[in-house]
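Please look over the sequence and the model before reading on.

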Amino acid sequence: MFIPIKKHLLLILIFLLCSASSHAKINVFACEPEWASLVQILAGDQVDIFSATTALQDPHHIQARPSLIAKARRADLLICTGAELEAGWLPLLLRKSANGNILPGQTGHFMASEHVLLLEKPKLLDRSQGDVHADGNPHIHLDPHRIMRIAEALSRTLSRVDPDNQAYYQNNWSSFKESWSQAIAKWEQLGQSLRGKQIVVNHNSWVYLEDWLKLERVATLEPKPGIAPSSTHLAQVLAELKDNQADMILYASYQNDKAVRWLEQKTHIPVVTLPFTVSTDETLFEWYESIIKQLLDSK
Ligand SMILES: [Zn+2]
């Protein structure tokens, strides 16, 4: 009498274990926090997400250290910006992690920049012009319309990587589409008063934000992308600003602010320090809110 019941329980236990393992979470390796946040929104509790960088790091330059390699080795899905943003470290990371799931051409290899049009694609590639990206400017996460297109492509990729949860991912995409559209409309409404504002930037990181909110860039402190400003170049910028005062100096909180502070002292143009991406415990929505708010507050 007892034996069949035990057998029965054992079968239930085996069934539960099997179903639990077949619904194991998808391991996601994100190169930047904005993509970690987007995956979180689209995939909720079906994924375990790791972000290789934080808002306080420069995504152009990090080390492919062993802890990152170990994370990449276990990933089912890799999501990065692409367009050479991670050219200094991602190829090495992929080689060392030797994970066939996330190599170029595989379903688990997702490059956000491949799903949108890039600005500033050089007509002629000349590396002597600094850290120029052949595919165009990679800082695409500062345009919410591009984020929308990337989210749609990403939700399709999630369904391919984890077909059992296709309905769930589609559902999340639909609700994101609706709430993100509403948020964009609100931000664009608020951002109207920023149109035509003249800005000075440190690195050319804000192209997509400028394009979206119609800000006008009048000077860049780096003479070439990735090259620190020389005193000659700064003197030239200062001279130009004497004739044409800008409304604000924009720089990302992870960047060196030496040149920015120098210019602030000389010109008294207000400095706006923006978080370049989503901080820990913050959503994509909250980050955009904070950027718009800081830009409006600086007026
Ligand atoms: Zn850059």
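The text below treats the overall fold, the metal site and the disulfide in turn.

The model is predicted, so local features need pLDDT of at least 70 and side-chain atom pairs count only at pLDDT 80 or more, while totals for chains, interfaces and linings use all residues. Residues are numbered from 1 along each chain as its sequence is written, and side-chain values use heavy atoms, with hydrogens and water left out.

**Overall fold**

The protein has 10 helices and eight strands; these are DSSP runs numbered from the N terminus, helices being H or I with at least four residues and strands E with at least two. Of its 299 residues, 47% count as buried, where buried means under 20% relative accessible area, exposed over 50% and partly exposed in between (1.4 Å probe, protein chains only). Among contacts with a separation of 6 or more, 64% are between residues 24 or more positions apart, a contact being heavy atoms within 4.5 Å.

**Metal site**

A zinc ion is coordinated by the NE2 atoms of His-60, His-139 and His-203, at 2.1 to 2.4 Å. Donors are N, O and S atoms within 2.8 Å of the metal (3.2 Å for Na, K and Ca); water is not among the atoms, so sites may look incomplete. Along the chain, the donors follow the spacing H-x78-H-x63-H. His-60 lies in the loop between strand S2 (47-51) and helix H3 (66-73), and His-203 in the loop between strand S5 (198-201) and helix H7 (207-213), so this pair ties together parts that are 143 residues apart in sequence. Both His-60 and His-203 are buried.

Asp-58 is also found in the loop between S2 and H3. Asp-58 is partly exposed, with a relative accessible area of 23%. Two of its distances are listed here.

| Pair | Kind of distance | Value |
|---|---|---|
| Asp-58 and His-60 | side-chain polar contact | 2.6 Å |
| Asp-58 and Gln-255 | C-alpha atoms | 7.5 Å |

A polar contact is a pair of N or O atoms within 3.5 Å; within protein, one must be able to donate a hydrogen and the other to accept it, and residues adjacent in sequence count only if both atoms are side-chain atoms.

**Disulfide**

Cys-31 and Cys-80 are joined by a disulfide with an S to S distance of 2.0 Å, the term denoting a pair of cysteine sulfur atoms within 2.5 Å. The pair links distant parts of the chain, 49 residues apart: Cys-31 is in the loop between strand S1 (26-30) and helix H2 (33-43), and Cys-80 is in strand S3 (residues 77-80). The torsion about the S-S bond of Cys-31 and Cys-80 is about 45 degrees, so the disulfide is right-handed. Cys-31 and Cys-80 are both buried.
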